[in-house]
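Let's go through some of the labels used for this model and ask what stands behind each one.

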Amino acid sequence: MAFTRFSSPIGEILLCAGAAGLQRVVLAAEQTPDPPGEVRDDEALKGARDQLLGYLAGRRRHFSVDLAPGGSDFQRQVWSALLRVPYGETRTYGQLARQLGREGAARAIGAASGANPLPLLIPCHRVVAADGLGGYSGGPDLKRRLLALEESSGAQA
């Protein structure tokens with residue numbers, strides 16, 4: 001297991017990876033201790049770091065890093081659906097529930113989205129409530145900022 005941490009426009013980010021790929025992204029990681037039992041390896045995670053920084057600078061819309069988030073079967077179904085929400089677009093929790101054939105499961109979709117261990121890479125910030133912004137592990141201000149970044153970058157392309 002390896003990790004790295006680096007400064008970004010949204011604060012310090014911590015990345016943790018295993019042999020199968022990235023397992024965890026921690027936003028605003030300034031107060032997060034280094035993962036016990038893991039080895040810091042900035043070089044091994046340089047590609048993932050560079051891709052995240054490119055995204056945050058508005059230069060990247062897609063990621064090409066291996067993801068290994070773990071989670072339950074249902075959570076992985078939701079996270080897979082999140083990966084299909086296009087850059088610069090949003091879906092409601094209810095829309096994702098219907099897409100997954102789980103009508104009425106908007107709250108469960110929200111819970112799975114909130115448990116996403118790979119924010120930014122699995123774009124849970126693109127899921128909103130039917131009546132507003134909805135939650136986000138990085139907080140509502142960061143969610144607004146990410147959606148605005150994608151909206152402004154999308155208009156330039």
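**Labels and the values behind them**

Q: Where is A28 found, and what makes its phi stand out?
A: A28 is found in the loop between β3 and β4 (39–40); strands here are DSSP runs of E with at least two residues, helices are runs of H or I with at least four, and both are numbered from the N terminus. Its phi is positive, about 50°, although A28 is not a glycine. Most residues other than glycine have a negative phi.

Q: Before we go on, what kind of model is this, and how are its values counted?
A: This is a predicted model, in which local features need pLDDT of at least 70 and side-chain atom pairs count only at pLDDT 80 or more, while totals for chains, interfaces and linings use all residues. Residues are numbered from 1 along each chain as its sequence is written, and side-chain values use heavy atoms, with hydrogens and water left out.

Q: Why does C124 count as buried?
A: Buried means under 20% relative accessible area, exposed means over 50%, and partly exposed is in between (1.4 Å probe, protein chains only). C124 has 4% relative accessibility, so it counts as buried. This residue lies in the loop between α4 and β6 (127–128). UniProt lists C124 under "active site" in an unreviewed entry; such annotations may be inferred rather than shown by experiment.

Q: Which residues is C124 in contact with, leaving aside its neighbours within four places in sequence?
A: Contact means heavy atoms within 4.5 Å, and C124 has such contacts with L82, S113, N116, P119 and Y136.

Q: What makes L120 buried, and what is its phi?
A: The relative accessible area of L120 is 1%, so L120 is buried. Its phi is near 80°, a positive value in a residue other than glycine. L120 lies in the loop between α4 and β6.

Q: Why is α2 called roughly perpendicular to α4?
A: The axes of α2 (residues 73–83) and α4 (residues 106–114) cross at roughly 85° and come within 9 Å. Angles of 65 to 115 degrees count as roughly perpendicular, under 35 as roughly parallel, over 145 as roughly antiparallel, and the rest as oblique. Therefore α2 is roughly perpendicular to α4.

Q: Which residues of α2 and α4 meet?
A: F74, Q75, V78, W79 and L82 in α2 meet A108, I109, A112 and S113 in α4.

Technical notes:
Axes fitted to C-alpha atoms, helices over the stretch in contact; angles between N-to-C directions.
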